[in-house]
Amino acid sequence: MRPCSLASVACPTSAQPEFPLPSGRGERGARQSLGPAAAAMWPPDPDPDPDPEPASGSRVVPVVPGLRALLPARAFLCSLKGRLLLAESGLSFITFICYVASSASAFLTAPLLEFLLALYFLFADAMQLNDKWQGLCWPMMDFLRCVTAALIYFAISITAVAKYSDGASKAAGVFGFFATIVFAIDFYLIFNEVAKFLKQGDSADEATARKTEEENSDSDSD
């Protein structure tokens with residue numbers, strides 16, 4: 001026999017097993033491709049539990065916090081009535097703070113009451129309480145609120161500006177004049193809406209009266 005030369009002998013650099021690469025995907029494919037020896041080395045993993053399927057017809061409902069449900073809707077706050085009520089409540093609160101810090105503290109009751117009433121009507125209109133409590137005449141109540149608020153703010157603002165010289169009283173009078181303008185705009189819009197509603201009611205009554213007269217005339221002619 002011819003002796004083997006040292007040059008023809010290839011020395012392995014590391015003891016790596018000459019297994020073929022796995023043809024499957026993941027460890028399961030590797031076990032299937034490497035045979036029983038690899039299966040003994042790598043015991044099979046238990047199959048993961050399948051994800052629970054949602055029941056038919058069930059839908060995930062987002063949980064709304066309780067405080068968010070009490071807040072007015074954004075669509076109402078962006079409307080003209082919502083902006084007017086926000087302006088009325090904000091100006092009333094600022095005027096109240098100015099009267100508290102001024103020497104004309106005798107007038108602080110009026111802006112406090114108007115602030116609370118504006119907040120009440122804001123949440124009442126946002127929650128549509130006028131549809132739930134139909135026994136109350138909401139437009140007339142809102143109209144009287146705006147008229148009385150405009151008159152009261154105008155009177156106390158003139159008094160605060162004319163009789164008191166401190167800066168807080170002057171600021172309260174200025175904010176009171178702004179509140180007077182906002183309340184005047186509000187009751188003007190309410191008056192127009194009520195007038196339109198009454199005109200529609202009168203026209204409907206006239207139409208029904210004409211129909212009844214025509215029916216009576218037709219029956220008499222027959």
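Mentor: Residues 171-191 are 100% helix and 0% strand, with end C-alpha atoms 30 Å apart. This is a predicted model: local features need pLDDT of at least 70, side-chain atom pairs need 80 or more, and totals for chains, interfaces and linings use all residues. Numbering starts from 1 along each chain as its sequence is written, and side-chain values use heavy atoms, without hydrogens or water.

Trainee: Where does UniProt place "transmembrane region"?

Mentor: An unreviewed UniProt entry places that feature at residues 93-123, 143-165 and 171-191. Such annotations may be inferred rather than shown by experiment; names are shortened and positions follow the numbering used here.

Trainee: Why is Asp142 called buried?

Mentor: Asp142 has 5% relative accessibility. Buried means under 20%, exposed over 50%, partly exposed in between (1.4 Å probe, protein chains only). So Asp142 counts as buried. Asp142 sits in helix H8, residues 138-163.

Trainee: And what is Val174 called?

Mentor: Val174 is at 41%, so it counts as partly exposed. Val174 belongs to helix H9, residues 167-221.

Trainee: Which side chains make polar contacts with the Asp142 side chain?

Mentor: The Lys81 side chain, at 2.6 Å, and the Arg145 side chain, at 2.7 Å. A polar contact is an N or O atom pair within 3.5 Å; within protein, one must be able to donate a hydrogen and the other to accept it, and sequence neighbours count only if both atoms are side-chain atoms. Therefore both pairs qualify.

Conventions: Helices (H or I, at least four residues) and strands (E, at least two) are DSSP runs, numbered from the N terminus.
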